[in-house]
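Subject: Structure for you to look over

Dear colleague,

I am passing on the structure below, together with notes on what was found in it. Please read the notes with the model open beside them.

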Amino acid sequence: MTGAQNPPRRQGSTDDPRSPKVEGKTIQDLLGGRREPDPPLAPLIGNVQQRAHLDLGGTWRVLVDPLDRGERSIFGGGGLGSDHAPESPGEVVEHDFGDAYEIKVPGDWNTQHPELRWYRGVCWYRREFDFSAPQDNRLFLYLGGANHHARIWLNGTLVAAHRGGFTPFNVEVSDQLVEGKNVIVAKVNSLTRDIDIPTERNDWQNYGGLTREVLLVEVPGVFVRNCHIQLARASARRVEGWVDVDGAAPGTTVTVEIPDAGLRFETETDGSGRAPVGFEAELELWTPESPVLHRVDVRVADDHFEEEIGFRQIETRGNEILLNGEPIFLRGIAMHEESIRHPGRAYGPDDAAASLSLIKELNCNFVRLAHYPHNEYMVRAAERSGLLIWSEIPVYHDIAFENPETLASAKQQINEMIERDRNRAAIAFWSIGNETMPSDARNHFMQELAEEVRRADRTRLVTAALLSIEGMQGAAAHVGARLRGDSPEPVRTVISDPLGEFVDVIGYNQYLGWYAPTFLARGMGASEEQVREAVLDSVDEFELDTAFQKPVIVSETGGAARQGVHGERLDAWSEELQAAIYETEVAALVDRKGSPVRGLSPWILKDFRSPMRLNSRMQSYWNRKGIVSPEGERKQAFFVLQRHYAEHAERTRR
Ligand code: GCU
């Protein structure tokens with residue numbers, strides 16, 4: 001055999017004959033250098049909150065592992081995952097959770113200890129729990145979200161691994177659990193790599209940790225894993241979908257009932273456990289004004305799976321977005337997954353309720369959950385309170401579009417996002433990304449993602465938020481002419497980014513009143529105030545159009561202000577300037593006659609943490625584009641938007 005075929009043996013590796021051996025083990029083996037491969041996950045279980053479960057939330061012990069060394073241990077067998085404890089006073093074990101940090105789960109670690117404020121890297125979580133095995137039932141470990149790369153051990157066995165901080169995963173652990181005391185150890189690395197989704201360069205705080213629920217879910221031997229039951233496309237009466245059963249023999253009977261409509265439908269599983277669903281029904285439809293949810297009972301063998309489903313049609317026709325066949329204008333707001341109730345990542349029903357009450361106070365019928373899938377409590381609560389939802393995967397800045405692993409990660413996150421929320425009627429838009437720079441590699445990548453969404457779900461619309469390059473050019477010419485004292489023609493900006501071809505609805509981030517003057521002033525030899533004034537006074541002369549005859553949602557617009565800072569109309573960071581931008585640029589976008597702009601979600605509901613915001617007096621690591629402060633105090637712009645949305649709601653009341 002020639003050398004060329006066999007790569008050189010790595011010094012110290014087991015099969016390197018030169019490596020000194022102790023009892024047949026190399027130093028590498030003794031140091032526990034070999035990383036166990038990621039074990040496979042189980043298909044995602046839907047609506048786990050209605051399943052019998054043990055909530056493993058609470059206080060966990062946490063060790064910080066800045067060098068990511070914990071998977072190997074010095075001399076003492078296996079790494080932290082093995083949870084090896086000294087068996088005799090003389091045994092040296094170089095890890096122990098006894099005096100480690102106490103960190104709450106769900107929650108991020110950054111806001112729970114000042115030393116961890118900026119920590120990005122590996123932390124090891126450990127907790128014990130008592131358990132007694134139920135007769136015949138199966139147990140799944142379910143994590144709602146662990147940012148960013150998680151590896152989970154149960155009683156010393158690596159049972160799960162997952163990349164992606166904002167989507168759930170689960171695995172069956174029936175065989176790993178023991179009667180009595182059990183130990184779960186979770187390694188969470190919040191650092192992302194350049195090939196990951198997202199990368200590290202984000203205008204939001206990378207909160208690390210077990211940021212969402214950790215549950216031990218109990219199900220019967222044969223159980224409903226998930227279902228998808230919704231109106232068929234372009235039909236207000238035909239209900240279609242499927243039920244996925246785990247553990248059933250082909251031909252197993254499944255029943256679907258909608259008690260409040262007196263409906264009962266019987267079907268059976270095929271070889272893969274899927275049972276098709278299809279029937280006619282006269283159901284009261286879900287709308288923002290009347291967010292009706294119907295209880296849907298799915299039964300198979302001894303299992304009863306319950307879901308609350310709203311039935312609605314969402315589609316486009318030319319430049320229109322149609323809800324249940326009627327054109328709708330989306331009065332929205334964008335938000336990050338932070339709470340006004342406490343610092344850090346939002347994770348629970350109370351956080352959702354607090355944000356939703358502000359959003360309803362604004363007279364919204366739409367919310368953009370940016371830039372990643374938010375927790376399930378938020379999505380379900382928004383649905384119950386009559387808000388249409390834009391849900392997104394974090395394909396954001398600096399994505400490695402040519403890397404197959406990056407594409408695979410994006411597709412994985414799309415499928416996990418859809419699988420968790422596929423029965424949420426309120427979710428109208430799956431967004432495949434935000435502000436990605438046009439290039440052949442990017443266009444190809446995004447086309448793949450759009451097709452992946454359509455493969456997984458044909459009952460919703462695909463969108464993405466585009467950068468407003470064209471808008472800047474149009475504004476420059478117009479403002480330049482105005483400053484020279486001319487009266488220029490209105491500007492018609494035609495969105496022509498090739499990504500517009502692959503989506504159903506075009507998202508467009510536009511900051512004419514905030515960023516544009518900063519850029520334009522430099523090239524015009526005019527002051528930023530002069531340019532900003534010219535822009536704000538001419539917003540009615542800016543028209544948006546697309547090269548695709550598709551509806552547009554202005555997915556970001558607005559400006560920043562530090563709450564409590566006051567000044568002249570054009571003073572940067574003042575509430576007056578932010579309010580002026582809302583009174584002009586934002587108001588001009590609300591349901592303009594003949595415009596393809598069929599909705600907007602100004603950036604953003606609440607000031608949010610960002611490592612990019614270095615103005616220590618005005619920002620101090622907060623992005624200040626919120627219309628409420630971090631604690632929820634309303635800025636002037638809040639009332640401006642509230643008024644314009646109230647007038648629109650009045651004008652268009654159904
Ligand atoms: C961008 C981006 C946001 C960012 C915002 C801003 O458009 O999508 O994530 O926070 O602008 O600059 O405030």
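Predicted model: local features only at pLDDT ≥ 70, side-chain atom pairs only at ≥ 80, totals over all residues.

**The ligand and its pocket**

Residues are numbered from 1 along each chain as its sequence is written, and side-chain values use heavy atoms, with hydrogens and water left out.

A pocket here is an open set of points on a 1 Å grid over the protein atoms alone, where a 1.4 Å probe fits and protein lies on both sides within 12 Å along at least five of seven lines; lining residues have an atom within 4 Å of a point. The largest pocket holds about 750 Å³ of space, the volume being that filled by probe spheres set on the points. Its lining is made up of 43 residues, with Ser468, Asn509, Gln510, Tyr511 and Glu556 nearest the centre. The elements that give two or more residues to this lining are helix H6 (469-483), strand S28 (491-495), strand S29 (505-509), helix H7 (515-524) and strand S30 (542-546), and S30 gives the most, with four residues. Helices (H or I, at least four residues) and strands (E, at least two) are DSSP runs numbered from the N terminus.

**Around the ligand**

The ligand is surrounded by 14 residues, the closest being Asp203, Tyr396, Glu435, Tyr515 and Glu556, where a residue is near if one of its heavy atoms lies within 4 Å. Oxygen atoms of the ligand make polar contacts (pairs of N or O atoms within 3.5 Å): a polar side-chain atom of histidine 371 lies 2.7 Å from one such oxygen, a side-chain N or O atom of asparagine 434 is 2.8 Å from a ligand oxygen, and for arginine 613 the distance is 3.1 Å. The protein covers 95% of the 320 Å² of accessible area that the ligand has on its own, by the Shrake-Rupley method with a 1.4 Å probe.

**Backbone points to check**

Histidine 371 is joined to alanine 370 by a cis peptide bond, with omega about -20°, and is found in the loop between strand S24 (366-369) and helix H3 (376-384). The peptide bond from isoleucine 197 to proline 198 is also cis, with omega near -5°.

Best wishes

Definitions and conventions: Polar contact = N/O pair within 3.5 Å; in protein donor to acceptor, adjacent residues only side chain to side chain.
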